[in-house]
Amino acid sequence: MDMKRDYYEDVQLFSSGVVVFWFILLILFLAFFPFLFKNYYVYLANYMAINVIVAIGLNLLVGYTGQVSLGHAGFFAIGAYGTITLMSLLHLPFLLALPLAALVAALFGFLLGLPALRLEGPYLAIATLGFGLTITKVIGRIELFGGRQGLHAPDLVIGPWHLDTDRDFYYLAVTLTVLLTLAARNLIKTKVGRAFIAIRDADIAAESMGVHLTYYKTLAFAVSAFYTGIAGGLYAFVLRFIEPEVFTLMMSILFLAMVVVGGLGSLFGAVVGACLLSWLDLQLRNILDIPYLGEWLDALSKTWFSITGVSNIQFIVFGLIMILIMLFEPLGLFGFWIRTKKYWKTWPF
Amino acid sequence: MLDFLQMVVSGIAVGSSYALMGLAMVIIYKTSEVLNFAQGEMALISTFFTYLLLETHGVPFYLAFPGALAFAAFLGAFLEFTVLRRAKEPTVLGMIIITLGLEMILMGLVSWKFGADPKTLPFPISAYSSVMIGDVFVSSLEVLTLVVALTVMIVLFLFLRFSKLGVAMKATQQNHTAARLMGIRTRRILMFTWAISSVVGCLAGLLIAPTIMQPYMMWDPMLKGFAAAVMGGMTSLPGAVFGAYILGIVENLFGGYVSIEFKSVVAFVIIVLVLCVKPSGLFARHYVKKV
């Protein structure tokens with residue numbers, strides 16, 4: 001199934017008219033989403049859009065290039081702080097500050113990619129992890145970035161529009177998300193994307209086939225950091241107020257979880273995983289408000305656990321999802337989708 | 001000079017708890033190539049189990065501490081049996097995700113049960129009494145940590161070198177298939193490995209708890225222990241211990257002379273620098289993969 005017969009079939013954006021149809025439907029749905037749903041869901045959609053950008057960026061690195069990263073909260077922080085600082089200090093317009101901050105993040109990604117050339121497995125994990133922790137610590141120390149007190153986001157103005165509400169912001173976030181998703185899809189269909197995949201499958205073999213390892217590995221880190229930086233810049237305006245404590249190791253783990261739950265090496269997976277985990281994240285923050293389940297958990301907490309720590313159920317749920325996905329469907333939700341599709345295509349055999 | 005000596009001694013003391021965590025991680029990584037991010041939280045839950053025994057059920061110390069170690073051993077074996085063994089086609093990243101998931105579950109359980117506010121573990125030795133060695137102050141808890149760490153190292157060394165189980169563990173690590181063919185039940189060996197590692201981690205947890213006890217207390221020691229183990233080469237027990245003491249001392253000196261603020265991140269900078277020069281750590285032979 002899904003056999004490609006020539007190169008052009010492989011690189012085309014939509015594999016069939018059906019896909020075009022669904023894509024247009026999706027775009028229409030996204031365009032009218034703020035009119036159909038309550039404000040809370042628009043906020044949720046913004047949060048999802050940002051996480052989708054991060055998940056796609058991280059998937060380019062982890063899923064396509066095969067380099068593990070536990071430090072993406074660092075790039076996220078660089079994007080957020082960079083955008084705000086460029087806007088409030090240098091008075092740059094948002095549409096210029098955001099890519100500039102993301103480029104700074106990409107530069108850091110390149111720098112982190114340099115030691116990563118020689119590292120793999122646990123060594124790479126600790127190096128990226130240390131990077132994430134260090135960035136947060138350093139930012140928390142610099143006065144320019146507000147130190148421990150944090151920074152307030154300036155007003156968001158693009159050309160003639162003042163984006164004050166979640167609804168206004170929604171169009172910005174979703175447009176960027178769609179554009180960046182298409183860009184990522186195109187990237188992996190080019191020479192660069194094929195080089196990434198070759199490095200993931202066997203880096204020494206790829207090198208002997210003429211893939212420039214230094215160039216492509218650092219490029220993968222830089223591109224991934226760029227995506228995360230963009231998302232970080234947007235996130236600063238969702239929160240309106242950022243402080244170093246936001247960008248924790250837990251955040252990096254959550255990003256990685258999104259990619260893995262969705263499916264490594266698949267953009268569809270990254271999108272679905274990010275949406276699912278962001279939804280769960282916001283939903284589980286006030287878990288006691290969920291009908292029936294909330295009351296039961298309340299009773300459970302009072303008898304066996306403590307009511308003060310009830311918000312930590314969030315971690316238990318995330319942990320369970322991560323473990324169950326890895327145990328039963330290592331390809332994540334994307335693998336699940338593939339299996340379902342195959343089952344119905346060949347039914348009743 | 002006195003300051004310097006004092007810092008080095010405190011560094012050694014801190015390094016001891018890093019060394020215990022590092023050892024615990026290396027034991028698992030050596031035999032199964034699993035990077036166990038849940039190590040700290042396994043120690044955490046054992047420590048809070050001890051707290052529960054001591055505080056809520058009024059069990060005396062001489063029963064509670066062995067109880068805690070037994071619980072830790074059971075927990076390690078249980079996690080290996082129920083979770084790690086079930087993984088299909090495990091990859092390095094997949095195993096990292098699984099242990100991160102375990103870590104979140106364990107930490108979630110502990111924070112759910114005990115909340116985020118700090119507790120104090122009733123401990124036979126006060127964390128604030130100290131002894132003088134020459135002109136240098138050392139708290140008696142630090143001395144105890146050092147003694148326990150050294151004892152664990154010696155016991156582990158003797159165990160791996162001379163006991164039947166230890167030799168079987170080594171065999172499993174070197175060649176899984178050959179070990180199986182020689183009649184070693186490698187899966188059971190893995191279970192033992194997790195149990196032992198969990199006990200070592202639990203010791204570290206119990207020794208850290210008198211000074212700080214809350215759900216996040218094991219994060220820092222675990223990451224530092226992990227960093228130390230990576231610096232030593234991730235497969236070498238003496239390497240992990242050596243790395244831990246180096247990290248502890250450098251960290252304390254850095255905190256004393258350069259900046260107290262960046263004390264906790266200097267370890268990671270050292271790690272990255274060391275890895276740039278020796279990508280597989282100081283004590284492990286660099287392994288080149290064949291295609």
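Select residues 17–36 of chain A, which form helix α2, and you will find 20 residues that reach 27 Å from the first C-alpha to the last, close to the 28 Å expected at 1.5 Å a residue, where the expected span is 1.5 Å times one less than the number of residues. Helices here are DSSP runs of H or I with at least four residues, strands are runs of E with at least two, and both are numbered from the N terminus. The model is a predicted one, in which local features need pLDDT of at least 70 and side-chain atom pairs count only at pLDDT 80 or more, while totals for chains, interfaces and linings use all residues. Residues are numbered from 1 along each chain as its sequence is written, and chains are lettered from A in the order in which they are written.

Next, pick A:L30, where α2(A) has a kink of about 35° shortly before the proline A:P34; the bend is the angle between axes fitted to the seven residues ending at a residue and the seven starting there.

Now show the whole of chain A, whose secondary structure comes to 15 helices and four strands, and whose C-alpha atoms fill a box of roughly 55 × 50 × 45 Å along the principal axes.

Finally, bring in chain B, of which 43 residues are in contact with 38 residues of chain A, contact meaning that C-beta atoms, placed from the backbone, lie within 7 Å. On the side of chain B that touches chain A, the elements giving two or more residues are α4 (92–114), α9 (219–232) and α11 (266–277) of chain B, and α4(B) gives the largest share, 18 residues.

Key: Contact = placed C-beta atoms within 7 Å.
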